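Here is a friendly briefing to read alongside the coordinates.

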Protein chains: 2
Amino acid sequence: MIQNGEEEKVDVEAEQSENHVRPTPFRNLPSIQDESINTLNEDSDLTSSYKRRSSIKESFEPGSLNVLSAKYESLDYDICENHLMLDEERKKGYRYVVHKNVARWFTFLLIGICTALVACIIDISIEELSYIKYGTLSRYVDKYITQGNKLYIPYFLYVLFNIIPVAIGATLVAYVEPIAAGSGIPQVKCYLNGVKVPNVVRFKTLVVKSIGVVCSVVGGLAGGKEGPMIHSGAVVAAGISQGKSTSCRKDFNVFRYFREDHEKRDFVSGGAAAGVSAAFGAPVGGVLFSLEEGTSFWNQSLTWKTFFASVISTFTLNVVLSTYHGVPGDLSYPGLLNLGQFERFSYEVYELPIFVLMGLFGGILGSFWNHINYKLTVFRIRYLRKRWVKVLEACIVAAVSATVGFLMMFSINDCKPLGQDPTKYPTQMYCGDGEYNVLASIWFQTPEASVRSLFHDPRNTHNALSLAVFVFFYFFLATWTFGLSTSNGLFIPTLLTGAAWGRLVSVALFYLFPDSKLIHPGKYALIGAAAQLGGVVRMTISLTVIIMETTGNISFALPLIVTLIAAKWTGDFFNEGIYDIHIQLSGIPLLPWEPPPLTSNIYASEVMSHPVVTLKTVENVGHIVELLRLTSYNGFPVVDPPITDQRHVTTYGRIRGLILRSQLIVILKKKLFNETAEWWDTLSASIFRDEYPRYPTIDEISITEDEKTYSVDLRPFMNSSPYTVLHNTSLPRMFRLFRGLGLRHLPIVNDTNEVIGMVTRKDLARYRVWVHRGRMGLDELLMSKEI
Amino acid sequence: MIQNGEEEKVDVEAEQSENHVRPTPFRNLPSIQDESINTLNEDSDLTSSYKRRSSIKESFEPGSLNVLSAKYESLDYDICENHLMLDEERKKGYRYVVHKNVARWFTFLLIGICTALVACIIDISIEELSYIKYGTLSRYVDKYITQGNKLYIPYFLYVLFNIIPVAIGATLVAYVEPIAAGSGIPQVKCYLNGVKVPNVVRFKTLVVKSIGVVCSVVGGLAGGKEGPMIHSGAVVAAGISQGKSTSCRKDFNVFRYFREDHEKRDFVSGGAAAGVSAAFGAPVGGVLFSLEEGTSFWNQSLTWKTFFASVISTFTLNVVLSTYHGVPGDLSYPGLLNLGQFERFSYEVYELPIFVLMGLFGGILGSFWNHINYKLTVFRIRYLRKRWVKVLEACIVAAVSATVGFLMMFSINDCKPLGQDPTKYPTQMYCGDGEYNVLASIWFQTPEASVRSLFHDPRNTHNALSLAVFVFFYFFLATWTFGLSTSNGLFIPTLLTGAAWGRLVSVALFYLFPDSKLIHPGKYALIGAAAQLGGVVRMTISLTVIIMETTGNISFALPLIVTLIAAKWTGDFFNEGIYDIHIQLSGIPLLPWEPPPLTSNIYASEVMSHPVVTLKTVENVGHIVELLRLTSYNGFPVVDPPITDQRHVTTYGRIRGLILRSQLIVILKKKLFNETAEWWDTLSASIFRDEYPRYPTIDEISITEDEKTYSVDLRPFMNSSPYTVLHNTSLPRMFRLFRGLGLRHLPIVNDTNEVIGMVTRKDLARYRVWVHRGRMGLDELLMSKEI
């Protein structure tokens with residue numbers, strides 16, 4: 001009898017899985033009954049038991065650090081090994097593998113070259129426009145100061161010269177492509193972490209960013225062009241490797257085999273490195289930046305390619321810029337930021353404590369900077385939401401920058417004799433003949449040039465008062481500027497602030513030890529700049545190397561690292577790095593490197609979203625269409641049909657595979673149904689790549705009523721061995737699996753391999769550890785559909 | 001009826017799993033019937049169906065590249081989350097997490113300091129002994145050359161001065177600790193990859209290595225002290241972090257919480273980086289070396305700590321060596337290898353093709369070097385197996401080195417005027433008064449000093465003939481030396497060979513373009529050295545950075561990388577890098593970064609070892625003891641007892657967890673049986689750490705006959721949610737899981753989660769892709785118990 005019973009059961013199962021029309025009507029499935037399901041975005045399953053426990057706030061004040069946004073999706077780094085891919089592998093063989101690898105190196109070469117060219121265009125534009133702007137201003141000031149002190153004329157001119165470019169840049173950013181605001185480093189970091197940030201690597205973003213950065217630097221904002229270069233490099237890499245641009249609706253039909261998240265990620269991390277390399281002339285620093293800040297997936301051969309792209313990038317930039325500056329063969333312009341050649345600083349062991357103290361001070365100042373910027377950003381998120389308000393704010397900052405600058409050079413009469421002019425536009429102001437106004441020379445040039453001045457100007461160029469006033473104002477200006485609706489980075493203003501107070505330190509030290517030969521103001525300016533930057537962005541290795549490479553000074557590694565570690569530790573005591581603050585404010589579900597500690601007692605069954613919407617191996621087309629319309633999930637476990645036994649207990653379906661929304665969309669679009677069988681011979685894995693990365697929505701697919709009664713066999717398309725874990729798996733184990741392999745969906749199964757839940761990025765990212773002021777704890781973030 | 005039947009089945013299951021005495025006698029288990037099982041080593045299951053298909057050669061000629069040794073085990077990087085660990089977490093809280101993190105930083109600090117101190121001791125010993133040796137030799141040569149040309153006396157003295165230290169070093173290595181031979185870099189690389197190489201990080205190894213390296217460098221072998229420093233750093237790190245030494249039977253009872261493979265690995269990678277940093281004065285290079293060659297598990301915070309240890313290491317070394325050299329505050333000795341300060345080389349774009357050609361040549365020479373060394377190593381493996389033969393070979397090489405050196409300085413009369421002496425021991429030989437013999441100056445100093453001479457000596461110091469002869473002989477000497485039973489590295493001899501032919505290139509170029517100002521011989525020596533080294537070891541990024549940091553010359557990044565990439569590509573066309581060749585010859589199952597391409601059609605069911613020896617959740621003690629005695633497996637799946645149904649079909653057991661041999665041993669040793677229950681209250685996770693890393697064997701555990709009837713509940717001790725995959729999972733998917741998470745055992749389950757097989761490191765490592773001469777393919781390696 002038992003035998004018979006078992007056989008009966010098997011029969012039912014077999015029948016069901018062959019059954020083309022689903023027996024249970026879709027609306028009655030338990031998983032679809034949930035009320036809120038069709039309003040949700042993506043793989044966030046707000047309905048899980050766990051999330052019910054921790055109150056979901058449907059509406060709350062924006063600007064919280066403890067909220068995850070529901071709108072960010074994951075990228076899909078796991079390779080879908082379906083039948084089509086296996087077919088392709090079999091057909092193409094090792095020759096194809098070699099060919100693809102050569103194409104990959106070639107692509108990295110192109111990425112290096114193009115990133116450098118973009119950097120050159122930006123740099124030369126800024127150079128030319130600044131020349132016109134500051135040359136004119138300098139002349140006007142000196143002209144009107146003699147003509148009866150009508151200084152309001154050059155002042156208004158200054159304000160105008162600031163506002164016009166800034167207004168253009170801000171308008172572009174606010175109205176055309178808001179993601180182009182800021183440095184783009186947080187966005188690139190998130191992308192490399194595996195979060196799909198919309199539009200972040202689009203051609204349109206690159207155009208807006210490039211024009212925007214020229215505008216904001218020429219507009220005299222306290223911002224630099226270096227951060228945006230990293231973003232530009234990332235966009236260039238994505239564009240070249242994909243061989244097509246969605247913004248331009250152009251498909252070059254090259255590199256089609258790179259059209260998947262996994263490949264694209266590798267190129268983007270190379271592009272980001274090439275961007276750093278172009279910005280700072282720091283190829284090693286670029287690779288390390290890409291590793292430290294971005295790439296979650298370390299791989300030896302990728303690193304070699306990344307390094308290659310970085311070297312090519314700095315080389316190309318060097319050739320072009322050297323030619324532009326009239327010294328073609330000289331190769332003396334390795335990066336956009338040229339801090340000039342440092343002589344070999346020497347330092348004594350007893351100077352190290354001073355550097356540590358400076359690092360500590362930099363950490364405090366940096367975390368204060370971050371705090372102000374955080375408050376400002378929250379204010380912006382809450383109240384400055386209209387586009388024209390954003391543009392207006394940028395213009396106000398531009399005007400204030402001009403005003404502050406003008407007031408300073410007007411009120412502090414810091415004169416130095418002409419001769420070894422650190423600036424191209426020496427302005428006399430109220431100084432005597434043969435002298436120039438030092439503050440005017442700081443303000444009437446791009447911030448890069450000012451940093452260079454502070455690093456290299458001989459001792460006594462700047463007096464203590466002007467430095468102090470400058471630090472005070474520039475500090476606030478810089479923190480006000482970062483986060484405006486303009487494309488600019490914070491490296492340069494931060495370096496400038498730090499270099500200024502570093503020089504102040506050298507003045508103080510010189511006052512204390514007037515006989516010491518070691519107190520070189522440039523050395524202290526460098527340490528101050530490093531401390532300030534470390535306190536704001538909290539990077540250590542890559543920053544050390546970038547500064548070493550930019551200054552060409554390798555013997556200074558130890559002081560730099562000591563300073564940066566002190567700054568990082570001090571800063572971390574108070575708050576997060578500025579990029580992390582902005583990422584948290586955006587609610588992006590970034591996965592950290594390690595799972596939060598002490599969470600082994602949180603199990604998959606608590607974390608997972610359930611019930612899960614599943615599909616059968618052979619599924620009704622109408623059901624699929626309805627499912628895609630009504631839910632917003634991006635991955636569906638494919639299961640054997642659940643069985644209802646004699647006791648009316650419905651089991652879960654046993655897992656057979658995993659299929660993505662994008663794959664279902666393509667199947668529907670290409671009409672790969674069982675009833676229309678002529679497509680089988682021409683089928684290949686490229687059908688999915690052709691649509692990548694922007695698949696149509698379900699509403700754009702037309703399916704006739706007839707077709708809705710058809711069925712589709714999902715088995716050749718699905719990933720037939722997805723990684724799964726048992727329901728009693730702990731959070732750290734899931735985290736390591738998810739993070740280490742770059743997954744997007746992790747089905748949770750019970751003892752008999754039946755799917756009982758699904759874990760996605762947000763389920764893991766919502767457990768976040770915090771460490772502040774020596775204490776530590778675990779946050780459970782809220783989930784919001786609003787931010 | 002069906003209902004009843006089902007309930008009956010459940011009852012049987014429940015009864016069985018509570019049953020303390022195993023119903024089936026152990027000998028009758030299918031998995032144990034296999035004939036060869038008790039002769040096998042570790043987690044190699046030679047009995048799998050797959051391996052039966054591919055003929056297992058039980059005996060074959062040693063020295064093949066296509067054999068995996070069965071003797072290497074995996075390290076266990078996966079954290080075993082059992083009840084004890086959860087208990088510990090709950091008790092200790094976040095304060096403990098913070099404390100452990102502080103301890104970790106402190107440990108890295110100690111690692112940096114101690115690695116540097118070891119390096120200093122080695123360096124100063126070599127310096128002092130070399131001073132005596134070469135000073136004496138130089139005097140004797142000049143003395144006997146005037147006394148009737150009795151040059152055979154200094155010659156025999158030279159031979160003696162070479163043989164005595166080499167004999168001491170070789171004897172130590174051959175008789176005391178053979179793993180201390182060579183540079184140790186391949187061994188450290190394997191350790192970091194996750195292979196348990198016996199004795200590799202023991203204190204005894206460090207002692208032998210340190211003495212050995214002093215002996216072989218003082219003995220005038222063509223070897224350097226830099227490679228061994230990396231190994232020394234690794235040992236120092238392992239020793240300090242564990243707070244105990246097995247060699248010395250000393251337990252300091254500190255850092256007990258670091259006693260697991262996972263933590264130890266992190267420290268060892270920091271130690272290796274600190275070693276590079278001390279050897280070359282290259283902290284960034286150290287981190288990159290550790291990343292490029294070793295660490296498989298990238299992690300941001302680990303990298304920061306590694307960098308910290310590296311910086312501390314070079315700083316400590318600098319302070320100590322500067323003091324030793326009498327310039328205490330000067331900090332001019334950042335590394336053991338001091339190539340002197342380079343002036344800023346400038347290069348023109350049109351020189352780059354020359355560099356590429358040199359890289360190409362270096363690649364060819366390097367792969368030839370590797371090939372000779374490969375053939376030699378195979379010869380050694382086959383015929384030079386006795387210890388005294390190994391010592392003899394080392395002495396012969398020492399004597400030949402002396403002979404070659406002496407013949408060269410005797411026969412080539414390359415004289416230069418005294419004055420800017422590049423050596424401490426200028427020897428006159430047949431030169432006129434006020435002149436010195438150039439070749440004697442190359443041979444009568446350590447190879448490091450010779451490299452420095454070649455980089456910095458002014459043009460025309462060396463004539464073409466002496467350089468050519470030197471390159472020829474030194475090339476063969478170096479390849480003969482590497483792989484001897486002595487502790488020495490190949491960096492310096494390779495750099496020396498390369499620098500010599502690089503200088504030759506500059507001589508040739510100068511002949512062609514006598515008016516060019518760009519042809520600086522030091523520049524070409526540097527490029528030649530990089531090309532040769534790149535051709536031999538095939539590293540790119542870390543080598544670039546190491547050379548940049550050692551020479552203090554950052555502007556030379558592009559030429560270096562171009563050269564290194566050319567050398568690597570050319571070399572890879574012919575064979576593998578030297579480290580990989582040695583690893584393959586040892587049959588170590590190293591897992592590469594990526595799964596072999598085109599292997600998606602190989603499934604888990606083909607790869608896995610089966611049948612699997614499993615344990616029940618509550619198991620009989622006698623059974624466990626017998627199992628541990630008869631098998632040599634290191635991990636056992638814990639399963640629900642298999643059920644035999646009415647049709648006499650036995651199912652597999654459903655997976656409940658995974659338990660390690662080491663855990664079972666500890667359970668048996670501590671007698672944690674159900675029948676002796678008083679231990680429960682005092683139980684903690686530390687019982688396993690106390691025995692780490694050398695657990696007793698099963699024969700060392702005494703279990704009475706009475707105790708054999710007891711039972712043990714494995715559930716609190718086992719890892720209750722091991723990562724598993726389905727039998728239809730492809731090789732690349734398993735590979736990524738295994739490699740990415742550092743697993744040791746991967747149970748393979750069927751549709752209903754019953755364990756049907758086990759995959760371990762060797763099952764994956766045996767599929768190896770090869771790429772040579774533009775072609776590519778897949779090797780399936782054989783498995784041997786002999787090597």
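Strand 13 of chain A runs parallel to strand 14 (residues 745-749) of chain A, and two bridges join them. Strands here are DSSP runs of E with at least two residues, and helices are runs of H or I with at least four, numbered from the N terminus. This is a predicted model, in which local features need pLDDT of at least 70, side-chain atom pairs count only at pLDDT 80 or more, and totals for chains, interfaces and linings use all residues. Residues are numbered from 1 along each chain as its sequence is written, while chains are lettered from A and ligands numbered from 1 in the order in which they are written.

**The sheet in chain A**
- A:Val725 has A:Ile748, in strand 14 of chain A, as its bridge partner.
- The open sheet has three strands in the order 13-14-15 (chain A), with mixed pairing; two strands pair if DSSP finds at least two bridges between them.
- Strand 13 (725-726) and strand 15 (755-760) of chain A are at the edges with a single partner strand each, so one side of each has no neighbour in the sheet.

**Symmetry**
- Chain B superposes on chain A by a rotation of 180° with 0.0 Å of shift along its axis (RMSD 0.1 Å), fitted by least squares on C-alpha atoms of residues with pLDDT of at least 70 in both.
- The two copies are thus related as by a two-fold rotation axis.
- B:Thr752 is the residue of chain B that comes closest to the rotation axis, at 2.2 Å (C-alpha).

**The interface**
- The contact takes 66 residues from chain B and 67 residues from chain A, where contact means C-beta atoms, placed from the backbone, within 7 Å.
- Helix 10 (residues 300-324) of chain B gives the most to the side of chain B that touches chain A, with nine residues.
- The copies meet through the same surface, because 100% of the interface residues of chain B are also interface residues in chain A.

Conventions. Two residues are in contact if their C-beta atoms, placed from the backbone, lie within 7 Å.
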